[in-house]
Amino acid sequence: MDNTADIFAGVRVVELAQWVFVPVAGALLADWGADVVRVEHPDGDPYRSLATQGIGSDSGSGVNLSIALANRGKRSLALDVKQPGGLEILHKLLESADVFLTSLRPEALRRLGLDADQLREKYPSLVYARGNGFGVRGPDANQAGYDASAFFARGGVADALTPLDRDYPISQRGAMGDRNGGMALAFGIAGALLKRQRTGQGSVVDVSLLATAMWTLSSDLLTVLDGKSMPRPTDRTATPNPLTSVYRTADGRFIQLMMLQGDRYWADLCRVLEREDLVADPRFADLAARRANCAACLAELDAEFGRRSFEESKTLLGRIDAPWAPVQRVDELPEDPQVIANGYIGEVNDGDLHYRLPAVPVQYDEQPPTLRRAPEHGEHTETLLMELGYEWESIARFQAEGVIP
């Protein structure tokens, strides 16, 4: 059985983008059946070269997994759109396209004649989708925006996550904002396609890394918008509910409790920890009492988890119907039974090529998508040109002119 859903079957996406953020949106659409044509400069996406800096894991089969994750399931056209011949080919593609997906900055798009007003006038039903660092209006609309700068730094994420006792902000994990922004952009494109089905009109879809960071930090922003200062607790006893804290086990691992309805779970937690005496302790009788005696409650629970191993703690907590989770290492995730059962990691199998990638979080009809490999740089250039009606003589001319490699 082919698990690849056909949600976007028949939809053609022309992607003029590089790096991670916007290409990820194209990969998610390709996962669910869209024909995504990745237009890449003849010299290649600069993201490819980061492998020389140790960025981009090698699967052991010579595959750059970072490139594969952002470009799986697409077709690749190597094309210099700065040349007249390249623009001619791009417009032939756009004649049959449903979506134009780009990461180019507003000024670059304007110079190429590819800005939203120009393309929508020529192709009224086209969905024009762009991802950028800081939004398309304002003084910094044309500033280059990458994940670490636009999302993590300017978006407030680094500040929110950095402990007050650190001299420098914490470092970001790779492409966190890029991949979240890519999901938002794919969602926007899906909505615009639905609107077009109803009205026949295309839309302009915008997602920025700055806006993605602000959405991610909504809880913090709500505090600020309410006129309050941001709490930056460094003391565990500042929590209003000890049953939403993290506890260290005897072997140095951690358990996260998330029992927001503390009164509902307190007795069961005490019993499973073999501390029924705490149920009747007036210091911990209800949420208000546990809050007033937070330090004492934390100390009791610290002692109980501190004398049990990580595995023992998981076994005990598994006996009650309550929200909690082990604090897992990333290297444990591929073997997590829930990850395996739900297909959250997929496998690419293409001839002798085998590697695993995280799957798109969205599933249709309880099925993960069947992952397809990412194309080689320019792999489908000649095939796509022939599909557009070009003869071999024209293709050879384009090669001689440097429009295609």
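Tutor: Here, helices are DSSP runs of H or I with at least four residues, and strands are runs of E with at least two, both numbered from the N terminus. The model is predicted: local features need pLDDT of at least 70, side-chain atom pairs count only at pLDDT 80 or more, and totals for chains, interfaces and linings use all residues. Residues are numbered from 1 along each chain as its sequence is written, and side-chain values use heavy atoms, without hydrogens or water.

Student: How many helices and strands are there in the chain?

Tutor: Start with the box. The C-alpha atoms fill roughly 85 × 50 × 45 Å along the principal axes. Within the chain, the count is 18 helices and eleven strands.

Student: What percentage of the 405 residues count as buried?

Tutor: Buried means under 20% relative accessible area, exposed over 50%, and partly exposed in between (1.4 Å probe, protein chains only). Apply that to the 405 residues of the chain. The buried share is 44%.

Student: Among contacts between residues at least 6 apart in sequence, what percentage join residues at least 24 apart?

Tutor: A contact here means heavy atoms within 4.5 Å. Take the pairs at least 6 apart, then keep those at least 24 apart. The share kept is 68%.

Student: Is H1 parallel or oblique to H9?

Tutor: H1 spans residues 21-31 and H9 spans residues 176-199; their axes lie 7 Å apart and pack at about 50°. Under 35 degrees is roughly parallel, over 145 roughly antiparallel, 65 to 115 roughly perpendicular, and the rest oblique. That angle therefore makes H1, relative to H9, oblique.

Student: Where is Ala-175 found?

Tutor: Most residues other than glycine have a negative phi. Ala-175 is buried because its relative accessibility is 12%. It is found in the loop between helix H8 (157-161) and H9.

Student: What is the phi of Glu-274, roughly?

Tutor: Glu-274 lies in the loop between helix H12 (262-272) and helix H13 (287-292). Glu-274 counts as exposed because its relative accessibility is 60%. Its phi is positive, in a residue other than glycine, and near 60°.

Student: Why does Ser-313 count as buried?

Tutor: Ser-313 is found in helix H15 (residues 310-317). Leaving out residues up to four places away in sequence, Ser-313 touches Thr-249, Ile-255, Phe-305 and Arg-308. It counts as buried because its relative accessibility is 1%.

Student: Which residues does Thr-249 touch, not counting those up to four places away in sequence?

Tutor: Thr-249 lies in the loop between strand S7 (246-248) and strand S8 (254-257). Thr-249 is buried, with a relative accessible area of 3%. With the sequence neighbours left out, Thr-249 touches Phe-254, Ile-255, Phe-305, Gly-306, Arg-308, Ser-309, Phe-310 and Ser-313.

Student: What distance separates the C-alpha atoms of Gly-318 and Val-272?

Tutor: Gly-318 is found in the loop between H15 and strand S9 (324-326). Gly-318 is exposed, at 54% relative accessible area. Along the chain, Gly-318 and Val-272 are 46 residues apart, and their C-alpha atoms are separated by 9.5 Å.

How values were computed
Axes are lines fitted to C-alpha atoms, for helices over the stretch in contact, and angles run from 0 to 180 degrees between N-to-C directions.
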